[in-house]
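Thanks for coming, everyone. Let me put the structure up, and then we'll walk through it.

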Amino acid sequence: MLRKKFFYSVAFLLLFSVLISSCAKRQDPPIFIPPDVTKKNYPTVIIDAGHGGEDGGAVGTNGIYEKELNLMIASELRDLLEAKGIPTRLTRTEDILLYDRNTDYQGRKKALDMAARLAIAQEYENAIFVSIHMNSFPQEKYSGLQVYYSENDACSRSLAELIQSLTVKNIQPSNTRKIKPSSGNIYLLEKISHPAVLIECGFLSNRQECALLCSEEYRARLCMTLCSSIINYFETYGNCS
């Protein structure tokens, strides 16, 4: 009798754990597959992985540097867009700042880096500019992706709205953040003439969000959401000019 009770107790615990696991899985947002493109001759998407080299950017609660995550996300987003036939250009493909080592760069590395990124953007007459960054704040409680947009082209706001709204729909249902204009505070968004946004993908100062951003699965969801936002932007607004 005792042996039978023990068997049923173990069986119940196993069944309960399976049910809890399946419920948790059902609550997860589905992985969102970017839609197929229908138009041709898309503008180039310039993907800017912020920071690099001597400039590590923010530091995560687990010690990871922002520059590393920026490049991971930029590279994966490039691969997704190119798989859909959309041309891309990365401002950097390795862990460096973009200043010319043959010039007098002492005390000017960051300014020269920004000028180089701007020059890349200006190589393309019709393009959109997407800068990838991470956020940080002294208080750990803050989290959530947020998009800033250039006010030099009205289409920047449309792109920012798509990114923010699809992020909420696909991966961050509790995100209540709103898109914001750069308002003179973000150099590249102030200088670039075509549609441009800067995406703060999350807070490295938040342990949970930092762990998510370091997860390959979460980054895949994020990149698919960004890819889908860009495709929807092109399909809805065209060149928006």
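When I say contact or touch, I mean heavy atoms within 4.5 Å. This is a predicted model, so local features need pLDDT of at least 70, side-chain atom pairs count only at pLDDT 80 or more, and totals for chains, interfaces and linings use all residues. Residues are numbered from 1 along each chain as its sequence is written, and side-chain values use heavy atoms, with hydrogens and water left out.

Start with glutamine 172. It sits in the loop between helix H4 (155-170) and S5. Helices (H or I, at least four residues) and strands (E, at least two) are DSSP runs, numbered from the N terminus. Buried or exposed, this glutamine 172? Buried, at a relative accessible area of 9%; the cut-off is under 20%, with a 1.4 Å probe and protein chains only. Leaving out residues up to four places away in sequence, glutamine 172 touches Gly144, Leu145, Thr167, Cys201, Glu209 and Tyr218.

Now the sheet. It is open, with six strands in the order S2-S1-S3-S6-S4-S5 and mixed pairing. Strands S2 (88-90) and S5 (180-181) are at the edges, each with a single partner strand, so one side of each has no neighbour in the sheet. Pairing takes at least two DSSP bridges between two strands. S4 (residues 146-149) and S5 pair in the parallel sense, over two bridges. Tyrosine 148 stands opposite lysine 180 in S5.

Last, helix H7, residues 216-237. Its 22 residues should span 32 Å at 1.5 Å a residue, and the end C-alpha atoms are 31 Å apart, which agrees. The expected span is 1.5 Å times one less than the number of residues. Glycine 238 follows H7, with a positive phi near 65°.

How values were computed. Buried means under 20% relative accessible area, exposed over 50%, partly exposed in between (1.4 Å probe, protein chains only).
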